Amino acid sequence: MDIGWITRQSQGQSRVFSGDRPAVSLESGETWTYDSLHRISNQYAHVLQDMGIGRGDRIGILMHNSAEYLAMYLAVAKLGAIAVRINFRLLPEELSYILHDAQPRILCLDDSTLAGVKALAQDLPIEKVLVLTANPDELPDWSDSWDVLQAGHPCDIAGPLPAESDPAMLMYTSGTTGRPKGALWTHGNLLWFAAMQVMRWRLNQNTVALMSGPMYHVGAIEDVGLATLMAGGHVVIMRSGQFNVRRALSMVEKHHVTDAILFPFMIYDLLQVPDISSTDMGSVRHIYSGGDPVLPWAIEELMRRFPHICLTQVYGLTEGTPIITSLDLCNSTEHADSVGTPLPLAEVRVAGDSGEDLGRNATGEIWTRSPAVVKEYWQNTTATQETFTDGWCRTGDLGRIDGEGYLKIIGRKKDMIRSGGENIYPAEVEDVLIRHPAIKEAAVIGLPDPTYIETVCAIIVLQPSAHLSREEVIAYCREHLAGYKKPRQVAFVSELPRTASGKVLKHLLREQWNPNPE
């Protein structure tokens, strides 16, 4: 069974739901039904097949959010080929690395991403470039208009369907610690991950899910989005670009959104809308958030203003199941300092340096296992062997499972600070910092120190109009932490560098604030 099954549900005698139901709606006002999504993805698949694309071939997708993006993704899956979803924010050097690593035969662009590829045009390891454009006559001679894809036949693709173990998608990790690695997802990974979410949150035909993130990211399509389509629901896609909370609220009202994926910074923006009470959010039942924990003040404020909304904090990673655990903060903030418990069919354990199980209330590396854990990185045997063992994924995150089975994130294993012979976990210091009323966000890193080997550095974003000195920060931490854990350096910034999924890029902070880089 391939992921194209999602759009085939409305076909034939085994009809599960009507094909004229809306499947995807765009911020532009356009809506595609399940039948149209299935038909158009078939057209794309037939044209790709005529171009010689078959099982195992890679197709690069470097586009902003659109219904065509989703149709191409499904078309590639139906052929047994591999979709390579590429971050449109990458610079030419970063883009070149991924294209040469994945070697896609065809690259799909749109008007907004074409310019970034022009600089690489002479060095692209690609047979054909297709551009979704409103101005086909202005395309460079090394590309073709997307219009050619409309020539395909809307009928299903002949031949056997891809197997559950066949690769379907190549997703490059965010690269928070170095060069991105390509996580190779199978059809089974995709379908089981969608099923795990349907089981956890009982998504159904009445679910209307708001997709706020970029579609190159699992936090847009795979998280909730694909699961909603599996359940016969309706996915609402915001256009790419600078997130605007008023645009999101407009989509919520127009489509009666029930479930929304909002990264923490989006929730903060939402709570700062002065006339938010005039917006009809009565349809919203669930907000999912991840990347970083939602700050305590925001949890409390969201629950106070919108008691009918259940905030769900999730934890996961691209290669080790994008949502491996979740915590539903529906009526209580109990366990709010955790990321919850595993989804159905998922397992989590905390392991020592040799892989031994440390059990409850011990700090160690988080290992995860589920049908959505990938088996390998693309053409990277060393990284595969370092990360995957007997179906388990070593996340590189440090955590602790309490006596009730709730997982708490302590920090990145590589981010642990070794100072004066003591282990210091940045997440513990950050947890104290963000509870100060003047602090909006905080990131803690270790910097080289001639005496202590490393010293704690706190990088802080203040609340609007708030004032706080370095000495006040250190004194506050001294009241709540052991002396060796308090920051010795403090920096104030307007914002923290983040990935598209909201994770703080601590390697950039270390590069910026390290006074003596090697």
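Throughout this tour, contact means heavy atoms within 4.5 Å. You are looking at a predicted model, in which local features need pLDDT of at least 70 and side-chain atom pairs count only at pLDDT 80 or more, while totals for chains, interfaces and linings use all residues. Residues are numbered from 1 along each chain as its sequence is written, and side-chain values use heavy atoms, with hydrogens and water left out.

**Stop 1: Asn65**

Select Asn65 and show what surrounds it. Setting aside residues up to four places away in sequence, Asn65 touches Gly213, Pro214, Met215, Ile237, Met238, Arg239 and Ser240. Asn65 sits in the loop between β3 (58-61) and α3 (67-79); helices (H or I, at least four residues) and strands (E, at least two) are DSSP runs, numbered from the N terminus. A polar atom of the Asn65 side chain lies 2.8 Å from the backbone nitrogen of Met215. That is a polar contact: a pair of N or O atoms within 3.5 Å, where, within protein, one must be able to donate a hydrogen and the other to accept it, and residues adjacent in sequence count only if both atoms are side-chain atoms. Is Asn65 buried or exposed? With a relative accessible area of 12%, Asn65 is buried (buried is under 20% relative accessible area, exposed over 50%, partly exposed in between, with a 1.4 Å probe and protein chains only).

**Stop 2: Ser25**

Next, pick Ser25 in strand β1 (residues 22-26). Ser25 is buried, at a relative accessible area of 1%. Its side chain makes a polar contact of 2.7 Å with the side chain of His234.

**Stop 3: Glu27 and its partners**

Show Glu27 together with Arg239. Their side chains meet in a salt bridge (3.0 Å, N to O); the term stands for a side-chain nitrogen of Lys or Arg within 4 Å of a carboxyl oxygen of Asp or Glu. Glu27 lies in the loop between β1 and β2 (31-33) and Arg239 in the loop between β11 (234-237) and α8 (245-255), so this pair ties together parts that are 212 residues apart in sequence. Arg239 is partly exposed, at 48% relative accessibility.

Arg247 is in helix α8 and Glu27 in the loop between β1 and β2, so the pair ties together parts 220 residues apart in sequence. Both Glu27 and Arg247 are buried. How many salt bridges does the structure hold? The count is 16.

**Stop 4**

A disulfide is a covalent bond between the sulfur atoms of two cysteines. Here the rule is a pair of cysteine sulfur atoms within 2.5 Å, and the count comes to one disulfide. Select Cys310 and Cys330, which it joins with an S to S distance of 2.0 Å. The torsion about their S-S bond is about -65°, so the disulfide is left-handed. Cys310 is buried, with a relative accessible area of 6%, whereas Cys330 is partly exposed at 30%.

**Stop 5: helix α10**

Finish at helix α10 (residues 296-305), where Pro296, Ala298, Ile299, Glu301, Leu302 and Met303 are buried. Display the neighbouring elements too: the buried residues of α10 pack against α9 (264-271), β13 (286-289), β14 and β15.
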